[in-house]
Amino acid sequence: MMRIPHALGLVGLSAALVTLLASPALRAQPAAASDASALYKKHCLMCHMANGNNTAVKNASFTDGVWVHGNSVEQVATVIKNGVKGTAMLPFAKKLTDPEIQALARYVRGFDKTLKPADGQ
Ligand code: HEC
């Protein structure tokens with residue numbers, strides 16, 4: 001009888017561990033630039049096109065020199081993270097880790113040849 005609470009405790013602990021191990025914070029590793037290209041193809045290309053130049057959709061082009069939400073790495077990362085309410089640009093905060101979002105921010109800025117590359121790009 002005394003073993004039951006103990007066993008339950010272990011189950012609870014392993015469940016907590018599994019949750020912890022699956023959390024983005026622990027999976028987070030610096031994403032390399034090559035990962036950004038693969039991430040872009042998987043999550044972004046269908047709307048923003050291979051060359052980031054989808055001028056058919058309002059505000060979706062990265063090559064027209066217009067960044068309606070700001071062109072710094074931080075501002076671009078914030079859009080990717082939170083999305084743009086009321087548009088097809090959905091938040092990626094739950095799908096991607098912070099380092100992946102940072103890498104993508106640098107990557108999409110790279111489509112705009114008028115921008116100075118950010119450090120480490
Ligand atoms: C379902 C379509 C769709 C997908 C998928 C999508 N976007 Fe977007 N994105 C949009 C649209 C539409 C806008 C324009 C939003 C607006 O009007 O402000 C946008 C805007 C942006 C902007 C702001 C551009 C500016 O001018 O400031 C960035 C940055 C961006 N997207 C990055 C990404 C990245 C990175 C991904 C992949 C992780 C992605 N998007 C995936 C549709 C999409």
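Three helices, α4 (45-48), α5 (73-82) and α6 (98-109), each supply at least two residues of the shell around the ligand. Helices here are DSSP runs of H or I with at least four residues, numbered from the N terminus. Please bear in mind that this is a predicted model, in which local features need pLDDT of at least 70 and side-chain atom pairs count only at pLDDT 80 or more, while totals for chains, interfaces and linings use all residues. Residues are numbered from 1 along each chain as its sequence is written, and side-chain values use heavy atoms, with hydrogens and water left out.

The shell consists of 23 residues, and the closest are C44, C47, H48, H69 and M89; a residue is near the ligand if one of its heavy atoms lies within 4 Å of it.

Let us turn to the iron atom. Which protein atoms are its donors? They are NE2 of H48 and SD of M89, at 2.0 to 2.2 Å from the iron; donors are N, O and S atoms within 2.8 Å of the metal (3.2 Å for Na, K and Ca), and water is not among the atoms, so sites may look incomplete. Because H48 lies in helix α4 and M89 in the loop between α5 and α6, the pair ties together parts that are 41 residues apart in sequence.

Finally, I consider the polar contacts, that is, pairs of N or O atoms within 3.5 Å. A polar side-chain atom of H69 lies 2.6 Å from an oxygen atom of the ligand. For V66, a backbone N or O atom lies 3.5 Å from a ligand oxygen atom.

Note on methods. A polar contact is a pair of N or O atoms within 3.5 Å; within protein, one must be able to donate a hydrogen and the other to accept it, and residues adjacent in sequence count only if both atoms are side-chain atoms.
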